[in-house]
Amino acid sequence: MENTIYSIIPPLLAILMVILTRRVLLSLGVGIIASALLITDFSITGTFTKVWEAVKGIFVADGELNTWNVYIILFLLILGVITAFVNISGGSRAFGEWAMKRVKTRRGAQLLAAVLGIIIFIDDYFNALAVGQVSRPITDRHKISRAKLAYIIDSTSAPVCVVSPVSSWGAYIIGIIGSILATHSITEYTAFSAFIQMIPMNLYVWAALLLVLVVAYRGFDFGKMKEHEDRAITTGNLYDPDKDIPGELKNDLPVSSKGTVGDLAWPIIALVVGTVGMMLWTGYKAVGSFDILPVFENTDVTKSLLYGSLFALAIAFILFFRQVSLKGVEGSAVGTAVVEGIKSMLPAVYILIFAWAIVTLIDELQTGTYLAGLVEKSDMPVEFLPVLLFLVAGVMAFSTGTSWGSFGILLPIAGEIAAATDVSVLLPAMAAVLAGSVLGDHCSPISDTTILSSTGAGSNHIDHVLTQLPYALIGALAATIGYLVLGFTGSTLLGLITVIVLVVGIGFIKGKNTESAVSQ
């Protein structure tokens, strides 16, 4: 069943069930079992063994602790505790009151979240969770639905990281590009200069970022997103209270009346400083110098997130006891903060564990390899290569739930095809792979970045997927047409202008009819 058309059945089954049933864990569980059945030729005992191996591999790999996954889980749990301390200390309340005096419109609150998403570009995981923590008090006060916030976060995290050379994504991609250039003896540009030249060719990224700004500025809400926004405006319910909301604390936590903006700001600053500092340190330890690109290429992202969160937790803990000394809150609330903070993140942890398990089994089924083989076997004019790679990368990332996996498989294939046909399309072809991978990531309910965007915003995961999907498809349509223009004209500028005109045109025409009921 490996590397055949049957390998796409489990991911498609899981995704279809998620959309139809809205039950994430059940749907992922069915996908996991279906994958194991195909791998073991429908052996019942073999299936249980394979599922156990996949789950065990999340925590233990090659006889050692799987630190990547374990550190992410610990980071999420610690972030939940930090959020609880910040809330109990009165930081979120004080920040919300402070922000309401300065950010006075729904439009301004949405644009602020988008700008924060753009400027925090070091890592997509960090971006999703940090931007959510800062933005949520502001967007909540302006009755902006959590689904809308999740969309803003998701559409400004990975898109910015994938075009930033100084990020975990950029360093990883530059490393792959370097090996492709060396393999094909291409010396007219370096891996770094190739990456820089590819930035304007990453058409979906610019479509996604521009669409976020248009949506925030024009109130371009439709479909499921409009339902969520209308409910938030008319009833004040930012999400469906009957659904699991990761990262959401219970409403009856004690809150200090003496909290200040610093009770929220300092833990967030500590998180940023601690995480970035550890990324630089772990990268330096790996390469032995402070050469910035090798440092980010070799940094230990998850260890940095863990240590950064521990530093932020220490600051939040100190500020909490400051409120105790001011008689703003009882010291006994520390136990409540820890327990409720951990409980608030458990839904996200459960979904991540199931998603990691199905991704492991899909990788063993070689779903990505099968889809990549379709590209290699295609015999079409070279002008269609960028758009073909964009669409295949989108399907691959959507099916496998990983954009990085799609990078690793399809970038070398794009290099092979371009080298064998017309090397002048190498950079557009690789840029199309990056763009399609981010598109698939945005659309996939089993993507970890989509899950963490839901968590950061405090949105139900399926609500986020279903409300973001139409916007992602608008960006995909604009990018598809843009890649056709780029492929046939050879002009990056014309392709980019095409995307801009389409996105702005759609957003501004439709936005006139979908302005929020609340005054902008």
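**Exercise 1.** Find how far apart the closest N and O atoms of Arg106 and Glu229 are in their salt bridge.

*Solution.* Start with the pair itself: the closest N and O atoms of Arg106 and Glu229 are 2.8 Å apart. Helices here are DSSP runs of H or I with at least four residues, numbered from the N terminus. Finally, Arg106 and Glu229 are both buried, that is, under 20% relative accessible area, where exposed is over 50% and partly exposed in between (1.4 Å probe, protein chains only).

A note before going on: this is a predicted model, in which local features need pLDDT of at least 70, side-chain atom pairs count only at pLDDT 80 or more, and totals for chains, interfaces and linings use all residues. Residues are numbered from 1 along each chain as its sequence is written, and side-chain values use heavy atoms, leaving out hydrogens and water.

**Exercise 2.** Work out which helices the salt bridge between Arg322 and Asp263 ties together.

*Solution.* First, the side chains of Arg322 and Asp263 meet at 3.7 Å, N to O. Arg322 lies in helix 15 (residues 301–325) and Asp263 in helix 13, so this pair links parts 59 residues apart in sequence. Then check the cover: Arg322 is partly exposed at 36% relative accessibility, whereas Asp263, at 2%, is buried.

Definitions and conventions: A salt bridge is a side-chain nitrogen of Lys or Arg within 4 Å of a carboxyl oxygen of Asp or Glu. Helices (H or I, at least four residues) and strands (E, at least two) are DSSP runs, numbered from the N terminus.
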